[in-house]
Each structure stands twice: as C-alpha cells, then as structure tokens.
Amino acid sequence: MIGTVNTAFLPSGSAAFLSPTPNSAPDQPGGGAWTRTVAGTVDTKADTNFSALFTITPPSGPSFPIPLSTSCRASAKLDFIGFEAGHDIAVVNTGNSDWHFGVLAGYVGAKAQAPTQSIMSPTQNFDFEAPSAGLYTAFSKGRFSADVQARLYKVQMETLGQRLDASGYSFAGSAAYRFDLPGNWILEPSVGGIFSRTSVDHLFVADVTNSAGVPVAVLPTFGATTLGAVSGTMQINDVESLLGRASVKLGTSFPLAGGQIVAYPFLAASVFHEFEGNVTASITTAGTFLAPGQFNFQGSGNITASSIGTYGQFGVGSAFELADTDWLGFARFDYRTGENIQGYSVSAGLRYQLEDPGHVAENRARLPVKARPADGYDWTGPYAGLSAGSTWGGVHWDTNVDPDYAGVLAGGQAGYNYQTGKFVWGIEGDAGLSNARGAKACPLQPLLLAKTMQAHWAL
C-alpha cells in the first residue's frame, strides 16, 4: 500500500507539466495550475516469515513453552485510483533557465484482496485511503531539467474489523538530459529516486475470533458459543523505502488537426530497485481456549516480509499542446513487471499556463492603443470557483487513545469585490463536503472495539 501511494504519480513528475516559454523577455513571471489522475491495478508478492514463542498454562500443572515458526509466499492484489492538483509560480528565462515553485494536494484510494489460509474465508478484503499534500520545485536550462518534491501523507485502512492508520513523508527527485536526434526525434535518459518513511499505529485485536468474522482454526464455535478467545497487539516497525529509478525515453513531435494541436508521442523504459531491506513487525498475544478446561496462553513473535526488489516498467503515451493557447496535457499507459510485482496503470493530466509572457506580449500588441489595459486594474465584481483536495487531522481523548481521520474534501466559494482607489473590499462565502473519518481501537476496553468519528460537511 505504501509503495502504491508513493509511486502512483511517479512516472509523470512535476516537470512533465512544465512548458518552456521561448522568445520571452528575461526575468519574466509565469506559472500555472494543473491536475492529473491515475488508475490501475498491481499484484505484489513477498516472502514472509513468522516466528513466535508461546507459553501455555493448563488448568493444573506447570506452564510449558511451544515454539512456532512458519513461512509463506504472501500475495495481494490492489486496485487503486487517485487524483492530484497543484499550482506553481515561476521565473522564466532567467539566465536561459526557468524556475518553478509550487504546492500540490492529492488522494489515493484502493481496494485490496489478500489470500488467506482459512477455508471459511479464503480472501481478506480491505480498503484504504491516502490523502497527501506537498511542495515541489522544478528547474530547466537548455536540454537539462530536474525536479524535487516533498510530501506528507496519511494512510487509513480497516483490517480485522478495526481501523489501522499510518502517516509518513517522502522526498522524490529526478534529473533528465535531452539529446536531439535526426528527423525531429529526441532521446532523453533520466535518473530519479524516492525516499519515504511511514509510521504505523498499533493494531489492538480485542478478540480475533469475532473481529475477523470467522473462528480461529483451533478455536471452534458451536452456535453462538465461542470456545476460545484471542487478543493481542501488533506493532509494525517504521517502514522505510528507498526506490531508485533509471529511465530512457524516445519521442518526437508532429502537428494534428491542421496544426491546432501539437502532439509529443513517446516510448519509455525504466528499471526500479528497492534499496531498503525487509519490513518487520512484532506481535504480542494472549488468550484462552477450552479443551475442556481453561487453558491460558501468552506469547510474542516477529514477522518479516521481503522488499519489492527490482522490476521494470514500460510506458507509452503522448503530451500535447493546443496551439496559440495556454493549455497543455498528457496521457500515458504504464506496465510494470518483476519477480515480486505485476501491474499496469493509466494516467492523464491537464495544465493551464497562467500569464505566459509570450502570449501576454502578443495579445497586448494586437490591441488598439485606446483598448489596451490601463496601468491599474479594477477588481470590482463577482467571482466564483470550485475547490478539491484532501483533509486529515487527529483528536486527543482522556483515554490515551488518539484517533486520526482523513478523507477527500470538495466544495466551492463565491464572493463580491469592490475597489475604491488602491483598496479592495470584499465578502466571500465557501462550503465543502468531506468523507473524512477515522477510528482507533481501545486496548483497555475489549468490548468497545473502537472510537470513531466522521465529518460530512463544513462551512
């Protein structure tokens, strides 16, 4: 899940949305607003190992230890969809280079299926949501381009009938150099990487036999009577990932629709490698079962899962530009394959260049002298707009339980401005809807499995 959150938009980074502004005067302002979306599916596998030591206490007699060790080739299928939006300001043609600085916000949601070894429940299904926000900067000079991005994100999911939350941060960067080939073709090698660190909350299991919806194999049930109960705590150690990438892209350009659209089709091939090691978790558990008589047990153990390793990714798509306008966009398809991963994704994006210096100069030159804008600008008048993003937060309660919440946020705003001289007065109203929700299990109150909250609207 964490890998999907951090790599969903990786094939088309910030620099993909930026367009040079040739023939503009030095040190000109620029910028733009953009949005992009992605959807796909990915199957992952990992070599997992579990080892534990349990102490059994019978109704009479001394306690005795039972070691347990098992391993398997675990797998999971993840179907995901997400969106991201952002805005940047720029300084264009400064020493033959462009600088962009921007903010972004996004959201990834997914449904996952993981096979189990239970006959009664052969698969475990769960959903997760991951809102995020961050900053980015991009630089280009001549044939060289680079971008850097920093993001904060939340991950919320449900498992064993309870909420399981995580939070983390990531830093991503890439650099590319373009070689011009004969026949209007280009070859662009690039390198990049992303580092992330994610902290996962404790998972408090009040009663596995009930929370999982099926009885544990060694704890049979007859009717509504449970002959055993298991409770415990699982703590996943902080998950660190350092994913490196080396890519090459081959592309060209040609006009479409009588020159109204300029297309930039491309083919891309990449190699990804995970440099971090295994993911680890620790678990403590206790319970009782009747055989007959009450047997108590407690124990602890460790779980490890191998990293994703090395895999390849192959993409095809096209960027496009609407001639004589400030609209840019792209669409692409990516397929990834490796020993531990198989999947594909489709993504598309759209950008509007704000105040392109070249177009501004051309438009002003076309206007008659009396029709050109005055030095000042009158802000008087109504306005309206839409907004979309993500929200998250946390709540502290006296029970030492601090649930997080997160979700999608969408809404709009409208207002009216009135200008007197150099001063602008105005009134504005906004409203939004959110599906933000969250919960956390209460470890000291087994019958109260979770504290929950949900937000529906905001003004």
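This report describes the nonpolar cores and some of the strand pairing in a predicted model.

## Nonpolar cores

The largest nonpolar core in this predicted model is made up of 30 residues, and the residues with the most contacts inside this core are Val5, Ala8, Leu78, Phe80, Phe128 and Val155. Another core lies apart from the largest one and has six residues, including Phe50, Phe54, Ile56 and Phe297.

## Strand S15 and its partners

Strand S15, which covers residues 261-274, runs antiparallel to strand S13, residues 239-252, and the two are joined by nine bridges. Within this part of the structure, Ser247 stands opposite Ser270 of S15. S15 also runs antiparallel to strand S18, residues 310-322, and here 13 bridges join the two strands; one place to look is Val262, whose bridge partner in S18 is Glu321.

## The hairpin of S14 and S15

Strand S14, which spans residues 254-256, pairs with S15 as well, in the antiparallel sense and over three bridges, and the partner that Leu256 finds in S15 is Ile261. S14 and S15 form a hairpin with four residues between the strands, and in this hairpin Ala257 takes a positive phi near 50°.

Conventions. Residues numbered from 1 in each chain as written. Predicted model: local features only at pLDDT ≥ 70, side-chain atom pairs only at ≥ 80, totals over all residues. Heavy atoms only, no water. Core = buried A, V, L, I, M, F, W, Y, C linked by side-chain atoms within 4.5 Å. Buried < 20%, exposed > 50% of the residue type's maximum accessible area, 1.4 Å probe, protein only. Pairing = 2+ DSSP bridges.
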